[in-house]
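This report goes through the fold, the central strand, the core and the aromatic residues. Please look at the structure before reading on.

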Amino acid sequence: MATVAAAPPVTTTNNNNETHKKNRIQVSNTKKPLFFYVNLAKRYIQQHDEVELSALGMAITTVVTIAEILKNNGLATEKKVLTSTVGMKDENKGRLVQKAKIEIVLGKSEKFDNLMVPANTTESDQPAANDDKK
């Protein structure tokens, strides 16, 4: 289990902030279906050799599920898990509230390329196999 650490409030308005990483996926449990994020994470791992999944509050369970799907299918290995709290302004009450945050960094597994190749080659090999029969 990961350790929970308190962090000062984070604002993401600064363009130089780390939140603009090319391999980071900020997960929401209301905007996209689960397997949208799973497939996006696969693509990011393919391009960058790792992906960082992050979420706040209720979306944390979605991030954990995505990470577990990728790990259980042998596509990724867990590199780092960070948990913290961030201060956010409540839209309704206008006060600062603490929200839980998780960041999971997954790396490309040794089997990743072998597991991803069959899905891509079966479609492209079929026309060639049909040409041989003619």
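## Basis

Two strands pair if DSSP finds at least two bridges between them. Helices (H or I, at least four residues) and strands (E, at least two) are DSSP runs, numbered from the N terminus.

This is a predicted model, in which local features need pLDDT of at least 70, side-chain atom pairs count only at pLDDT 80 or more, and totals for chains, interfaces and linings use all residues. Residues are numbered from 1 along each chain as its sequence is written, and side-chain values use heavy atoms, with hydrogens and water left out.

## Fold

The protein has three helices and five strands. Their order from the N terminus is β-β-α-β-α-β-β-α. Of the 134 residues, 32% are buried (under 20% relative accessible area; exposed is over 50%, partly exposed in between; 1.4 Å probe, protein chains only).

Contacts here are heavy atoms within 4.5 Å. Among contacts in the protein with a separation of 6 or more, 69% link residues 24 or more positions apart.

## Strand E3 and its partners

Strand E3 spans residues 50-56; five of its seven residues are buried, so the rest of the structure largely encloses it. Strand E2 (residues 24-26) runs parallel to E3, joined by three bridges. Gln26 faces Ser54 of E3 across this pairing. Strand E5 (residues 96-108) runs antiparallel to E3, with seven bridges. There, Glu52 has Val105 of E5 as its bridge partner.

## Core

The largest nonpolar core has 25 residues. Such a core is a set of buried Ala, Val, Leu, Ile, Met, Phe, Trp, Tyr and Cys residues joined through side-chain atoms within 4.5 Å. Ile25, Val51, Leu53, Leu70 and Leu106 have the most contacts inside it. H1, E3, helix H2 (60-72), E5 and helix H3 (112-133) each give two or more residues to this core.

Leu106 touches residues including Val51, Leu53, Ala67 and Leu70, leaving aside those up to four places away in sequence.

## Aromatic residues

There is one aromatic pair (ring centres within 6.5 Å). Phe36 and Tyr37 have ring centres 5.3 Å apart and planes at 80 degrees, so they sit edge-to-face (over 60 degrees; under 30 is stacked, the rest tilted). Phe36 is partly exposed at 37% relative accessible area, whereas Tyr37 is buried at 4%.

Lys32 lies over the face of Phe36, 5.0 Å from the ring centre. The criterion is NZ of Lys or CZ of Arg within 6 Å of the ring centre and within 35 degrees of the ring normal.

Note on methods: Phe/Tyr/Trp six-rings, centres within 6.5 Å; stacked < 30°, edge-to-face > 60°.
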